[in-house]
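Trainee: Could you walk me through a structure, feature by feature? I would like the general idea each time, then the case at hand.

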Amino acid sequence: MTDLFSAHQFSLLFLFALVSSVLLQLWLALRHINHVKRHCRDVPSEFAEQITLESHQRAAAYTVVKTRFGMMTTLFDAMVLAAFTLGGGIEWLSQLTAQWFTPNSTAHGVALIAALGVVSSLLSLPFSLISTFVIEARFGFNQMSAKLFITDLIKSTAIGAAIGLPLIAAVLWLMGAMGDNWWLYVWATWLAFSLTLMWVFPTFIAPLFNKFVPMEDGEMKDRIVGLLNRCGFQSNGLFVMDGSKRSSHGNAYFTGLGKSKRIVFFDTLLKHLSPPEVEAVLAHELGHFKHRHIVKRLVWTFAMMLGLLWLLGQLKAQMWFYQGLGVTTPSTATALMLFFMVLPVFTFLFAPISSMMSRKHEYEADAFAASQSSSSDLVNALVKLYRDNAATLTPDPWHSVFYDSHPPASLRIAALQRLAN
Ligand SMILES: [Zn+2]
């Protein structure tokens, strides 16, 4: 790849990709806002019996506010990225931290990446505050007190540092010490790290943020155990999580791998859905397991990461890569940072592929739920969830192609109704 670009050409290429991806995101957001507004006067006929005009318009207002805020975030993030790279922000941080550490040592690299982490978190903090205490609060979703927000922030920073810093140190050391094939060693380390994290997360980390209590005996539990037995599914327990202490959005999920698998219901979900509806939602989640979607996604992520690390291995040796992104004193840490900061700019165009895969999986999980439980219960549960979460029933089709991990409401429900007939 020697001299594929000059530094100047690569700067221009990056700038072009950055501007195009921002324009594309803003265009999609504007389309989405206009589409939602155009369809807010009437409830779509297929939902007219279950969703009131008031709920429909509340969902529209929520979607518009969130999408507008997303546009501001997109613009701000792009400016920050440009300032860190072309504006020389990373170069400045690198020289600043080099005053205290031997330049290009592992310690210097860790300090540099930590410094970048601190600066980026501070920059994104106002957005997180506005999202939680203004937008979510205005629509009645936020349940967080300022105190909980601050303790969450402290806890997640401490855990992030305790887990992240040793990983970064190991990666930087391998990148320097393992010769040309370092990317294979880094990949293997990252793989082992990710699998360990998935295993310890439900048992050791999640309980630091939420309470998990075993589900109480009763109709709900009987139905769920019945479903699990029918599907031949083994888990390490059914838990209810106090999601309501942060948000009134509801959810259900699986965590963990192998025998440490847990099924977790948000208390908010159990409060709003009837036992048959919860059963149908769980059947959908089991569908993801039966179709091995989680394993497929993991394998796909691991393969992508291998390819990306190989690419980083090629770029790390090219001066134009650093200089084109505003770094004049190349180091292992700056290569790693630049690569993962700039990557999304070049990959946004491929977002529809991953969203499409995800939507296909959702249809498969719905079909499984319909076969093991009842499709009409699932439809009822979904309609309630759309309503209670103020999720729009009328997304813009192009916005959906890029962003939606789940099929749009009307298509999804139509598919379930076909299965019922
Ligand atoms: Zn799903």
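Mentor: We will go through helix packing, a histidine, backbone phi and cysteines. This is a predicted model, in which local features need pLDDT of at least 70, side-chain atom pairs count only at pLDDT 80 or more, and totals for chains, interfaces and linings use all residues. Residues are numbered from 1 along each chain as its sequence is written, and side-chain values use heavy atoms, leaving out hydrogens and water.

Trainee: At what angle do helix 10 and helix 12 pack?

Mentor: Two packed helices are described by the angle between their axes and the distance between the axes. Helices here are DSSP runs (H or I, at least four residues), numbered from the N terminus. Axes are lines fitted to C-alpha atoms over the stretch in contact, and angles run from 0 to 180 degrees between N-to-C directions. Helix 10 (residues 293–315) and helix 12 (residues 332–347) pack at about 125°, with axes 11 Å apart. The pair is therefore oblique, the class left once angles under 35 degrees (roughly parallel), over 145 (roughly antiparallel) and 65 to 115 (roughly perpendicular) are set aside.

Trainee: Which residues of helix 10 and helix 12 meet?

Mentor: Contact means heavy atoms within 4.5 Å. Met305, Leu308, Leu309, Leu311, Leu312 and Leu315 of helix 10 meet Ala335, Leu336, Phe339, Phe340 and Leu343 of helix 12. The residues of this contact divide into 11 nonpolar, no polar and no charged; Ala, Val, Leu, Ile, Met, Phe, Trp, Tyr, Cys and Pro count as nonpolar, Asp, Glu, Lys and Arg as charged, and the others, Gly among them, as polar.

Trainee: Is His284 buried or exposed?

Mentor: Buried means under 20% relative accessible area, exposed over 50%, and partly exposed in between (1.4 Å probe, protein chains only). His284, in helix 9 (residues 275–290), is buried because its relative accessible area is 5%. Leaving aside residues up to four places away in sequence, His284 touches Glu362, Ala365, Asp366, Ala369 and Arg412.

Trainee: What about the phi of Asn104 and of Arg292?

Mentor: Most residues other than glycine have a negative phi. Asn104 has a positive phi of about 65°, and Arg292 one of about 60°. Asn104 sits in the loop between helix 3 (89–98) and helix 4 (106–138) and is partly exposed at 43%. Arg292 lies in the loop between helix 9 and helix 10 and, at 53%, counts as exposed.

Trainee: How many disulfides are there?

Mentor: A disulfide is a covalent bond between the sulfur atoms of two cysteines. Taking cysteine sulfur pairs within 2.5 Å, the count is zero.

Methods. Helix = DSSP H or I, 4+ residues; strand = E, 2+ residues; numbered from the N terminus.
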